[in-house]
Amino acid sequence: MIEITSEDFSVDDVLRSMKERVNGAIVSFIGIVRGENEGRVVDRIEVQAYKEMALRQLEDIRKEALQKFGVNHITIIHRVGVLEVSDSIVLIAVGGAHRDESFKACRFVLEQLKAKTPLWKKEFTTDGSYWVEDKKSE
Amino acid sequence: MFYREAINEVEEVFELPSGGSLKSLRALVTAAHSILKDVEDAMLASVNETFVDDEEVELKEGDVVAFFPPLSGG
């Protein structure tokens with residue numbers, strides 16, 4: 001499943017949906033809003049998307065990961081709109097037969113999402129608001 | 001994102017001569033919005049919702065082009 005939504009998501013519901021006979025491992029990544037960035041106190045963020053293109057990119061990434069790692073299920077949910085500190089931003093969940101390919105697929109999807117999906121974060125901090133330019137380590 | 005705020009527009013229509021390239025469209029856009037000139041080097045582009053690296057690619061009637069800043073999702 002691929003989703004770009006302003007609504008919060010239930011991690012439990014997504015993980016439960018992957019409890020199928022073919023899966024022996026479920027790996028998930030949840031990105032949340034951090035209350036600090038480069039010495040500035042972050043109050044909230046706003047996420048914007050070029051939605052139609054982002055959905056296409058995420059579907060391509062999902063298909064590539066399914067094929068490359070041979071996992072069974074991949075769900076990607078990315079939120080848009082105003083998010084408070086500690087709110088969930090993104091969920092990537094992978095269901096596979098074994099842990100190794102499931103971990104690798106999850107990491108692959110995350111890095112591809114960051115590199116190829118038209119999504120942008122604006123931080124509202126105590127020192128003003130800034131559009132974020134992502135770095136590899138974040 | 002930043003560009004929309006900077007130029008206060010979401011969509012704009014530009015007339016490009018037949019056989020015009022992505023590069024020539026970008027030149028029209030940055031000429032119309034000088035604030036984008038400073039960030040041009042980091043500008044990404046898509047044609048019909050697909051990333052395009054080749055600036056010389058020829059645009060066709062009805063193509064939808066988007067210019068945007070570095071991505072920061074996730």
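**Reading the contact between chains A and B**

The contact takes 24 residues from chain A and 18 residues from chain B, where contact means heavy atoms within 4.5 Å. This is a predicted model: local features need pLDDT of at least 70, side-chain atom pairs count only at pLDDT 80 or more, and totals for chains, interfaces and linings use all residues. Residues are numbered from 1 along each chain as its sequence is written, chains are lettered from A and ligands numbered from 1 in the order in which they are written, and side-chain values use heavy atoms, with hydrogens and water left out.

Q: What area is buried between chain A and chain B?
A: Buried area is the accessible area (1.4 Å probe) that two parts lose on being put together, summed over both. Here it is about 1,800 Å², with 53% given by carbon and sulfur atoms. On the chain A side, A:Tyr50, A:Met53 and A:Trp120 lose the most area to chain B, together 33% of what that side buries.

Q: Which side chains meet in a salt bridge between chain A and chain B?
A: A salt bridge is a side-chain nitrogen of Lys or Arg within 4 Å of a carboxyl oxygen of Asp or Glu. The count between these chains is 1. B:Glu49 and A:Arg56 form that bridge (3.6 Å, N to O).

Q: Which elements of chain A each supply at least two residues of the side that touches chain B?
A: Helices (H or I, at least four residues) and strands (E, at least two) are DSSP runs, numbered from the N terminus. The elements are strand 4 (40–49), helix 2 (51–69), strand 7 (88–96), helix 3 (99–116) and strand 8 (119–125).

Q: How do the residues of that side of chain A divide?
A: Ala, Val, Leu, Ile, Met, Phe, Trp, Tyr, Cys and Pro count as nonpolar, Asp, Glu, Lys and Arg as charged, and the others, Gly among them, as polar. The side of chain A that touches chain B has 12 nonpolar, 4 polar and 8 charged residues.

Q: How many salt bridges are there over all chains?
A: The count comes to 12. One of them joins A:Asp13 and A:Arg16 (3.2 Å, N to O). These two are 3 residues apart in helix 1 (residues 11–17) of chain A, so about one helical turn separates them.
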